[in-house]
Amino acid sequence: MSRRSVILGTGSALPPRRVTNAELAERIDTTHEWIVERTGIEARHIAADGETTATLATEAARKALDAAGVAPDKVGLIVLATATPDQTFPASATRVQTALGIDDCIAFDVAAVCTGFLYALSVADNMLKGGMADYALVIGSETFSRILDWDDRATCVLFGDGAGAILLEAQETEEEKGVLATRLHADGRHNDLLYVDGGASTTGTVGKLRMKGKEVFRHAVVNLAAVLTEVLAVTGHRAGEIDWVVPHQANKRILDATAKKLGLDPNRVIVTVDQHANTSAASVPLALDVAVRDGRIKRGNLLVLEAMGGGFTWGAAVVRY
Ligand code: UT7
């Protein structure tokens, strides 16, 4: 028997306001055609006043709990991945805890930008296996619209707001199920390729996102292919056995190039970047929830989750859903 972290339920949340490429093209020097051709993005959701990383996270978490049929007071651990917290401190995870009416549990944020959900999943998986809790909410939630430079057409068209969540239960089982392996990486030498030009300890401001897109793109394909190969070697699965790849949704061309490099069937890759754009730490759990709810991802399916982002950070997980 081994103790495994099993996904009991998934949920997601998007701000109601949907902004199309055409709407952006009215305000900045861009076109629908350029954005679609270079990124695959057609629209993104943008948070309104009062909608925050914590409110979106809470909505996604509630849906994950409902899907699982588990009451909030069972949750012993909340790990929230975000680069856009409501406050510098306390952790937005504690706001989610309060909103869910949980009096006492472990709650903290993880900052690994677009790889945040993979980092949060790995931390939660190991804490559940270590006996720290029996149920864990793992959430990715972002309001990147608040850190975009809306005059920089090279970045502002690429991102959107949203949240995704999963409820994990620690189960003693002999079956191959739940989180089978996670692998994480970081290389801080590339800070200057994707970063925010502010911070509590430096400028005393929140700052705006800055990115050298071409260089990030090049690193993304190499790093994602490497970590996918690495994590599959840990579990001993072949690429052909994967039912669904649930990737970080940065750019359709990155998804295609990574799938090609690994010989993965492109029809087995969940794509939401067209409708959500890049929602950073939210993108993997959002895509997972979409594909669970539309019936593509079924119980027993072998999933590979992967992401790459600022830091650089990158990681992957193999999950039997
Ligand atoms: O989630 C974290 C990970 N992030 C990523 O993975 C992002 C990775 N990078 C990318 O997705 C792509 O590099 C971008 C989508 C950001 C850019 O695509 P690209 O094919 O690398 O374009 P580029 O940056 O080389 O720009 C090509 C041209 C430039 O014009 P010139 O210099 O050729 O005259 C840009 O000024 O496109 C221009 N451009 C735009 N034109 C219309 C840049 N942004 C826009 C825009 N609309 N929004």
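About 4,000 Å² is buried between domain 1 and domain 2. Buried area here is the accessible area (1.4 Å probe) that two parts lose on being put together, summed over both. Carbon and sulfur atoms give 61% of it. C114, L118 and I147 supply 16% of the area that domain 1 buries against domain 2, more than any other three residues.

This is a predicted model, in which local features need pLDDT of at least 70, side-chain atom pairs count only at pLDDT 80 or more, and totals for chains, interfaces and linings use all residues. Residues are numbered from 1 along each chain as its sequence is written, and side-chain values use heavy atoms, with hydrogens and water left out.

**Domains.** Domain 1 covers 2–173 and domain 2 covers 178–320; such bounds come from an automatic or database domain assignment. Their C-alpha centres lie 14 Å apart. The contact (heavy atoms within 4.5 Å) takes 56 residues from domain 1 and 50 residues from domain 2.

**Ligand.** The ligand is surrounded by 23 residues, each with a heavy atom within 4 Å of it. The closest are T30, R38, R153, N251 and N278. The shell has twelve nonpolar, six polar and five charged residues. In this scheme Ala, Val, Leu, Ile, Met, Phe, Trp, Tyr, Cys and Pro count as nonpolar, Asp, Glu, Lys and Arg as charged, and the others, Gly among them, as polar.

| Protein atom | Ligand atom | Distance |
|---|---|---|
| T30, polar side-chain atom | nitrogen | 2.7 Å |
| W34, polar side-chain atom | oxygen | 3.2 Å |
| G213, backbone N or O atom | nitrogen | 2.9 Å |

Taken alone, the ligand exposes 960 Å², and the protein buries 75% of that. These areas come from the Shrake-Rupley method with a 1.4 Å probe. Elements that give two or more residues to the shell are α2 (32–39), α6 (153–156), α7 (213–235) and α8 (252–262). α7 gives the most, with four residues. Helices (H or I, at least four residues) and strands (E, at least two) are DSSP runs, numbered from the N terminus.

**Backbone features.** A cis peptide bond joins F89 and P90, with omega about -5 degrees. P90 sits in the loop between β4 (77–81) and α4 (92–99). Another cis peptide bond joins G311 and F312, with omega about -10 degrees. F312 is in the loop between β12 (302–309) and β13 (313–320). V113 is not a glycine, yet has a positive phi of about 50 degrees. The loop between β5 (106–110) and α5 (116–129) holds V113.

Key
A polar contact is a pair of N or O atoms within 3.5 Å; within protein, one must be able to donate a hydrogen and the other to accept it, and residues adjacent in sequence count only if both atoms are side-chain atoms.
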